Amino acid sequence: MTALLNIKALNAYYGQVQALHGLEFSLNEGSVTTLLGANGAGKTTTLRAICNMVRTTGAVEFDGAPLSSRSTENIVRLGIAHVPQGRGTFTTVTVEENLQLGAITRSKAGIAADIERMYVHFPVLKQRRGQQAGTLSGGEQQMLAVARALMLRPRLMLLDEPSFGLAPLIVRDLFKILGKINREDKVTILVVEQNAQLALEIADHAYVIETGRIVMSGKAGEIADNEDIRKSYLGY
Amino acid sequence: MDLFVNQILAGIATGAIYGCMALALVMIYQAIDNLNFAQGEMAMFSTFVSWQLMQWGLPYWGAFVITLVLSFVGGVVIERALFKPLAKAPILTNVAGFIALFSILNSSAGLIWDFTIKEYPTPFGSAPFLGSQLISTHQAGMIGVTVLLLIALYVFFRFTRIGLAMRAAASVPESARLVGINTSWMIALGWGMAAAIGSIAGMLIAPVVFLEPNMMGGVLIYGFAAAVLGGLNSPFGAVIGGFLVGIFENLAGTYIPGVGNELKLPIALALIVTVLVVKPAGLFGRPIVKRV
Amino acid sequence: MAAVQEVVTEAPAIDAVPKRAMTLSAGTTLIMLALLLLVPLFVKNFIIFQLTMLLVYGLAVLALNILTGGSGQFSLGQSAFYAVGAYTSAILIENAGMNYALTLPVAGFVCFLFGFLFGLPALRLSGVYLALATFALATAMPQILKLGYFEAWTGGVQGLVVTKPDTPDIVQTVLAWFHLKMSQDMWFYYFALAVTIAIYILSVNLLRSRSGRAFMAIRDNEIAASAMGVDVALYKTLAFGVSAAITGIAGGLGAIAVQFVAPDGYTITLAISLFLGMVVGGVGWLPGSIVGSAFIIFVPNIAEGISKGLSGAVFGVILFIVIFLVPHGARQVAMVAQHLLGRLKKR
């Protein structure tokens, strides 16, 4: 297996404050990887750094191409879909328009068919297709955010705390769908989560991040089975 | 009764211009959350350009179309050169930039074309419209062009992908970038469209107020009033606001004793302040929630 | 629709202004004062008149600076307050025969009320909306002044001629002992200087007082200020009132100096000039007001000398240059100069 995303010596800064310190990791094509850690550890920053939404130094390579000199929108055009924290719903347009926006960089062909596929994955969105997206519930908006990201036909999908603020049952559904997308559409997934237990269930590989540094890495199953790691870093 | 209908129709006609102006203001407000105080001067400058083209012998509609294109390009260039670098600056800096642009355009129009009042042609003629004494063909033309413009904009924003992208960029810029939209260029596009729409307003009102560097002062204030009344984030509301303000202006001028031509600007002022205080979101706008 | 709301993070109204930097050091103040006192003795009457206008516009820019630099509120409508002050003085002098010096506090008071009343609805407006409301006020003002109702007092479109005050007899008598005479222009200059210095000192103290700190708290974060117990509504309208009052006094002085008031002297152009003066002088830096004032008096003179109507373009271009290169205006230049001087001294 080849690495789809390769990160070397990645530092990130907010103003004068350094938030990431020499991060190194890689994602294998077709894998599900999870980045775990406490609040403020730098998980969100890592995702933002990949998309060049914060000031960074170091190297991020996607499929062999360096990303650091590209703007966020150009990185997205390479096939990296980012589901941001807080979902980033376009509240003032309809659900269906949100899905169309996900595919805005693609040519028109196949968009209508992809929207229908999303309605199969997320039937609730079909019921709400003509509704203003801002009127959706939190869970529905999260579904919409994932569906919108998939409309890009991404090769890599970055998810920032998809479980945040959702009822446990909905979270379970969502992760089931994520697993299915990974298997069926061959989308590589990097998911940042505080809900470590759930993330480890679908992930192949896991990294634990603390104060901007990777402190642990391994197969998801091994990390889940290691009681010491669980107790000291993952809190369950 | 005839007088009343007459005033309403005349109000709708001038209101059409206010609506165009308001539409231009809303376009930029949507893109950058800021009011372009130089919008009127941009429109005035465009109108002078069209006048110059006609002086050089171009037919009206030829000059009209070329002016539209030039204004669009001009709007984009102004944004790229002067306002893009100010995107992250405080509001005051942006307001100062608009004021500077206002000053430059007003003054250079005077320098190039001098400050004397010029006649400006109308393509619609000024005969009574359909034989009616109520409105002239030019007034009917103003209404017609505004309505066409509104329909065109509606189709553009509702049914084209670039229109959708512009709406998305205006509503949640960060998410827009995350789906691959170049938000910075969407803003430039908004400026270009605003400049073009403003030029239409200028070219339509010029036969009525005559062409001179200060011709848009009053129109801009009424455009502001219309935009505020309709809601600053609603293009549809802006045009309706324009019609309402136009009607209100004419009726107040006719039926409230003492309110002649000389009180028209104070009326616009009162209207702006009242709407901002009583219903800041306007009739058709969405309320804005501030994040602390 | 109600569920769909836009959430925006409000950009700060202006860049934060360091509190210490709001005034000048003692040495510089003395030099300035000496210049202002001595220069008129050696120049022609017309230049003295221009220096008087320098003080007048300096006061008006200072007033705007208190509003914007102090409390973070915008106004593009200062010309309206200036006009009200000017007309109040002119009407009282010409129609009521009042002494010119006594008309100034009245002008200030009338403008305070006017500013306070305008500030009440403006309270609910922030940032660009306030700029809009005041912009509309400035645009509408000349029309209000031309109104037929007030023509008996305002002189309508024609305006009013104001008599130039004579140098008081007592001053002339004292000077006569030294075989000296003082022209009307020079007398009025020193009168304006006294008023300006008094208001400057009051303003500096105002900004250093409890109220001044309240203004700045509102400027930097309105919500936090109200959470700390600052009566935001009161202080915002108060800032408007104080600013309008000072502008009104400046307007009164200006009317007497120019000896004429007319509606078209107080258009949006004046408001723009004052705004420009504030930005050039440095927002929130009170001594910069005089620099800004010098700028808006002398630059148009030079520009109009080159071509009629050029001054607007020059203003605009310079404004852009200031925004892009020295966003803190004269204060920034002064600080750089101070820094360079410090380096020279070390050598």
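Predicted model: local features only at pLDDT ≥ 70, side-chain atom pairs only at ≥ 80, totals over all residues.
Residues are numbered from 1 along each chain as its sequence is written, while chains are lettered from A and ligands numbered from 1 in the order in which they are written.

A:Val208 of S9(A) is the bridge partner of A:Leu36. A residue is counted as buried if 20 or more other C-beta atoms lie within 10 Å of its own, as exposed if 12 or fewer do, and as partly exposed in between, with C-beta atoms placed from the backbone.

Chain A also contains an open sheet of four strands in the order S2-S1-S4-S5, with antiparallel pairing. Strand S2 (17–28) and strand S5 (65–66) are at its edges and have a single partner strand each, so one side of each lacks a neighbour in the sheet. Helix H1 (residues 43–50) of chain A packs on this sheet and touches S1, S2 and S4, its direction making about 70 degrees with that of S2(A). Contact requires C-beta atoms, placed from the backbone, within 7 Å; axes are lines fitted to C-alpha atoms, for helices over the stretch in contact, and angles run from 0 to 180 degrees between N-to-C directions. Inside the sheet, seven antiparallel bridges link S1(A) with strand S4 (residues 55–62), and A:Lys8 has A:Ala59 in S4(A) as its bridge partner.

Two residues of chain A other than glycine have positive phi values, A:Ala9 near 45 degrees and A:Glu161 near 50 degrees. A:Ala9 belongs to strand S1 (residues 3–14) and counts as exposed because it has 12 C-beta neighbours inside 10 Å. A:Glu161 lies in the loop between strand S7 (156–160) and helix H7 (168–185), and is buried, with 22 other C-beta atoms within 10 Å.

In chain C, helix H8 (residues 184–208) has 25 residues and reaches 36 Å from its first C-alpha to its last, close to the 36 Å expected at 1.5 Å a residue. The expected span is 1.5 Å times one less than the number of residues. Buried residues of H8(C) include C:Phe188, C:Tyr189, C:Phe191, C:Ile199 and C:Leu207. Among the elements that cover the buried residues of H8(C) are helix H2 (45–71), helix H9 (210–220) and helix H11 (232–258) of chain C.

H2(C) is itself mostly covered, with 21 of its 27 residues buried. Its end C-alpha atoms are 38 Å apart, which agrees with the 39 Å that 27 residues should span at 1.5 Å a residue. A kink of about 30 degrees in H2(C) is centred on C:Asn65, the bend at a residue being the angle between axes fitted to the seven residues ending there and the seven starting there. C:Gly72, which follows H2(C), has a positive phi near 75 degrees.

Conventions. Helix = DSSP H or I, 4+ residues; strand = E, 2+ residues; numbered from the N terminus. Contact = placed C-beta atoms within 7 Å. Pairing = 2+ DSSP bridges.
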